[in-house]
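Please open the model in your viewer and keep the selection panel at hand.

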Amino acid sequence: MEKAKPRTKAVPRDPFEIAGQQVAAGTSATIEIPVSRLSTNTEVSLRIRVVHGAKPGPVIFVSGSVHGDEIIGVEIARRLLNQVSAKRLAGTLLCIPIVNAYGFIAHQRYLPDRRDLNRVFPGSAKGSLAAQLAHTFTNEVIARCELGIDLHSAGLHRTNLPQIRISDGRPRAEELALVFGAPAIIVSKLREGSLRQTAADHGCDVLLLEAGEALRFDELSIRIGVQGILRVMAHLGMGVRLPRKAGANSARSSRTSWVRAPEGGIFRATKSSGALVEKDEPVGYLTDPFGDEDVAVLSPLTGIIIGRSNLPVVNQGDALVHVAQVERAGTVEQRLDDIEEAAFADGLFDEDEIV
């Protein structure tokens, strides 16, 4: 009779080190990294939830509120953390629901120094407040990760169809964007000083989710965000629950155009986010307050509406509707309907989570 082979003892995984602190494998911890102080001398920190899996795997980050009024990422991060267990996780998740705490507290996009945080990366330890925060995030988060998922929304008085933005020439990012399963994938250039540009310089791919509007939650955007992140993590073999498959392939675009108001007045939109529009088809009408004349506002492209203004009162030149030229335009509306249906069909959340 053959003797049983001795069982190999698992080698414990090393702790995860960040900002001079350690997080043991199979555990999670909230790490606070001091950044600066408010005028009241109150310290403001970059707060990071480190979920260090019991098993080896990739290190990724999920970040929200780089712009302080883009709060949808906070709710996506909260729900995501409810679905991730350090004991089952393979790899490490760095979750930063609020990057720009200054703007978040004030309900403002920018920092107190009036700088856009997403234009000052990689920052500087001795620069402006924005530069210091960007420097901290670059060195403590981006430099440790191979993938980031950065959560954004439209600005004030605008809303975005959930969409993943990636840069051209990064095949791994494109692969993961397809796995994410958002309604649209937009290939866009990297901006100098952006988080995405700095991540690329560090060899870290980034999926940027644009969804919803500033200072508001919406359930579709939140569900697509949470489910998409979990799909990506499952694809990377990180040991998380795989949610329902995306309802259809994302619409893909590498060309977008904002339709601007040809004159000032009151704008009545006739197309909603996700709607298919033909070139030269009206997306809405402009009129003066007396209603004497309607001016049709026409789409410059055949594609889908990926963003629009919610503010009917407009001046000449204001951005009204954002159109993305898409491949396979004839099937796009049905595909977007399938994605929305799949997002709500997944039993990912308890009923009391839904407002």
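At roughly what angle do the axes of helix 1 (residues 72–82) and helix 6 cross? In this predicted model, the two axes cross at roughly 50° and come within 9 Å. Viewed as a crossing, helix 1 passes helix 6 in the right-handed sense.

**Select helix 6 (219–235)**

Helix 6 covers residues 219–235. It contains 17 residues, and the distance from its first C-alpha to its last is 24 Å, close to the 24 Å expected at 1.5 Å a residue. Of these 17 residues, 15 are buried, so helix 6 is largely enclosed by the rest of the structure. After the helix comes Gly-237, which has a positive phi, near 75°.

Now display helix 4 (residues 171–180) together with helix 6: their axes cross at roughly 125° and come within 8 Å. Helix 4 and helix 6 are therefore oblique to each other. Helix 4, too, passes helix 6 in a right-handed crossing. On the helix 4 side, select Glu-175, Leu-176, Val-179 and Phe-180; the residues they meet in helix 6 include Ile-224, Gly-228, Val-232 and His-235.

**Move to helix 7 (332–345)**

Helix 7 (residues 332–345) has 14 residues, and its end C-alpha atoms lie 20 Å apart, close to the 20 Å expected at 1.5 Å a residue. Which residues of helix 7 are buried? Colour Val-332, Arg-335, Leu-336, Ile-339, Ala-342 and Ala-343 to see them. These residues cover an arc of only 125° around the axis, which puts them on the same side of helix 7. Among the elements that cover them are strand 8 (158–166), strand 11 (251–253), strand 14 (276–277), strand 17 (303–309) and helix 6.

Keep helix 6 and helix 7 in view together. They pack at an angle of about 80°, with their axes 9 Å apart. Helix 6 and helix 7 are therefore roughly perpendicular to each other. Glu-219, Leu-220, Arg-223, Ile-224 and Gln-227 of helix 6 make this contact with Ile-339, Glu-340, Ala-342, Ala-343 and Phe-344 of helix 7.

**Select helix 3 (129–140)**

The twelve residues of helix 3 (residues 129–140) should span 16 Å at 1.5 Å a residue, and the end C-alpha atoms are 17 Å apart, which agrees. Nine of the twelve are buried, so helix 3 is largely enclosed by the rest of the structure. Among the buried residues are Leu-129, Leu-133, Phe-137 and Glu-140.

**Finish at Leu-301**

Where is Leu-301? Look in the loop between strand 16 (294–298) and strand 17. Leu-301 is buried, with a relative accessible area of 3%, because that value is under the 20% cut-off. Next, select Ala-324, which is 23 residues from Leu-301 in sequence but 7.5 Å from it in space, C-alpha to C-alpha. Beyond its neighbours within four places in sequence, Leu-301 is in contact with Arg-255, Thr-256, Ser-257, Val-277, Glu-278, Lys-279, Val-323 and Gln-325.

Notes:
Residues are numbered from 1 along each chain as its sequence is written. This is a predicted model: local features need pLDDT of at least 70, side-chain atom pairs count only at pLDDT 80 or more; totals for chains, interfaces and linings use all residues. Side-chain values use heavy atoms; hydrogens and water are left out. Helices (H or I, at least four residues) and strands (E, at least two) are DSSP runs, numbered from the N terminus. The expected span of a helix is 1.5 Å times one less than its number of residues. Buried means under 20% relative accessible area, exposed over 50%, partly exposed in between (1.4 Å probe, protein chains only). The arc is that of the directions from the helix axis to the C-beta atoms. Contact means heavy atoms within 4.5 Å. Axes are lines fitted to C-alpha atoms, for helices over the stretch in contact, and angles run from 0 to 180 degrees between N-to-C directions. Angles under 35 degrees count as roughly parallel, over 145 as roughly antiparallel, 65 to 115 as roughly perpendicular and the rest as oblique. A crossing is left-handed if the near helix is turned anticlockwise from the far one by less than a right angle, and right-handed if clockwise.
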